Amino acid sequence: MRLVLLGPPGAGKGTQAQRLVDRHNIVQLSTGDMLRAAVQAGTPIGLQAKAVMESGGLVSDEIVIGIIADRIAEPDAKNGFILDGFPRTVAQAEALDRLLEEKGLELDAVVELVVDQDKLVNRILNRAAEAQAKGEAVRKDDDPEVFKTRLEAYNRDTSIVAPYYHKKGQLQRIDGMKPIHEVSSSLDEVLGK
Ligand code: AMP
């Protein structure tokens, strides 16, 4: 199964992707996780991405498209994948279409988690508090001010990605404000269709 999960930061894409990974034996390809790993490792890409990520902006299309092209070609992605946090611009969505076409592959589903943006800042504060309670690192960009910039980037550049898939007849939308297990059930329903 090849799936794209769309929705603003804090919509629950990572949480839902993880549940699908466990159930469907596919890999989660999160460009955010890959970029954070690159920053941590101090690679050339990480060095370029660090300041942009910390400010809540978007890393260049060229960098993330390159990362995804390489990652999709890895053997463990053969069985299927969930794209989480990619595509974030129409240029990225078009590049993904080309990449898949070259490989003779298609997306099985594009699902948007629809959320109330006014409630997201609270969600993100909870995420930071939970991480802290578990002794895990708190993401620097989960700071409320940076989070607002991330939401702005979403509304400016990424909110047009869902309509892009809608026009192609590929978009399915589900309510992302419900409790986690209910969102999971809605996703299963959509994917089972
Ligand atoms: P995320 O973990 O998906 O919230 O991503 C964290 C940060 O990584 C974002 O705020 C961006 O700075 C960067 N990022 C992740 N995915 C992308 C993407 N597809 N395009 C551009 N920047 C990205």
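**View 1. Surroundings of G80 in the predicted model.** Setting aside residues up to four places away in sequence, G80 touches M1, R2, I26 and V27. The structure shown here is a predicted model. G80 is found in the loop between α4 (61-72) and β3. With a relative accessibility of 0%, G80 counts as buried.

**View 2. The open sheet.** Five strands make up an open sheet, in the order β2-β3-β1-β4-β5, and their pairing is parallel. The edges are taken by β2 (27-30) and β5 (171-175); each has a single partner strand, so one side of each is left without a neighbour in the sheet. On average, neighbouring strands of this sheet are turned by 25° against each other, direction ignored. In general, the strands of a sheet pair through backbone hydrogen bonds, in a parallel or an antiparallel way.

**View 3. Pairing of β3 with β1 and β2.** β1 and β3 run parallel and are joined by four bridges. V4 has L83 in β3 as its bridge partner. Four bridges also join β2 to β3, and this pair runs parallel. Here the bridge partner of V27 is F81 in β3; V27 is also among the residues touched by G80.

**View 4. The two faces of β3.** β3 is covered on both faces. F81 and L83 lie on one side, I82 and D84 lie on the other, and all of them are buried. As a general rule, side chains in a regular strand alternate between the two faces of the sheet.

View 5. Strand β4 (residues 109-114) is joined to β5 by five bridges, and the two run parallel. V111 stands opposite Q172 in β5. In the order of the sheet, β4 stands between β1 and β5, while β5 is at an edge.

**View 6. Helix α1 across the sheet.** Helix α1 (residues 13-24) lies across β1 (2-6), β2, β3 (81-84) and β4. The helix runs at about 175° to β3. N25 lies in the loop between α1 and β2. Although N25 is not a glycine, its phi is positive, at about 55°. N25 is exposed, with a relative accessible area of 58%.

**View 7. S184 in helix α9.** S184 has its place in helix α9 (residues 180-192). At a relative accessibility of 4%, S184 counts as buried. Not counting residues up to four places away in sequence, S184 touches Q16, R19 and R23.

**View 8. G7 in the loop between β1 and α1.** G7 is found in the loop that lies between β1 and α1. Its relative accessible area is 10%, and G7 is therefore buried. Leaving aside neighbours within four places in sequence, G7 is in contact with K13, L113 and Y154. G7 and V115 are 108 residues apart in sequence, yet their C-alpha atoms are 7.6 Å apart in space.

**View 9. The cis peptide bond at P87.** F86 and P87 are joined by a cis peptide bond, with omega at about 0°. P87 is found in the loop between β3 and α5 (90-103).

**View 10. Residues around the ligand.** There are 16 residues around the ligand, and of these T31, G57, G85, R88 and Q92 come nearest. A backbone N or O atom of G57 lies 2.6 Å from an oxygen atom of the ligand. For V59, a polar backbone atom is 3.1 Å from a nitrogen atom of the ligand. A nitrogen atom of the ligand also lies 2.9 Å from a backbone N or O atom of G85. On its own, the ligand has 480 Å² of accessible area, and the protein covers 96% of this.

Terms used:
Residues are numbered from 1 along each chain as its sequence is written. This is a predicted model: local features need pLDDT of at least 70, side-chain atom pairs count only at pLDDT 80 or more; totals for chains, interfaces and linings use all residues. Side-chain values use heavy atoms; hydrogens and water are left out. Two strands pair if DSSP finds at least two bridges between them. Axes are lines fitted to C-alpha atoms, for helices over the stretch in contact, and angles run from 0 to 180 degrees between N-to-C directions. Contact means heavy atoms within 4.5 Å. Buried means under 20% relative accessible area, exposed over 50%, partly exposed in between (1.4 Å probe, protein chains only). A residue is near a molecule or strand if one of its heavy atoms lies within 4 Å of it. A polar contact is a pair of N or O atoms within 3.5 Å; within protein, one must be able to donate a hydrogen and the other to accept it, and residues adjacent in sequence count only if both atoms are side-chain atoms. Accessible areas come from the Shrake-Rupley method with a 1.4 Å probe; for residues, only the protein chains shown count as cover.
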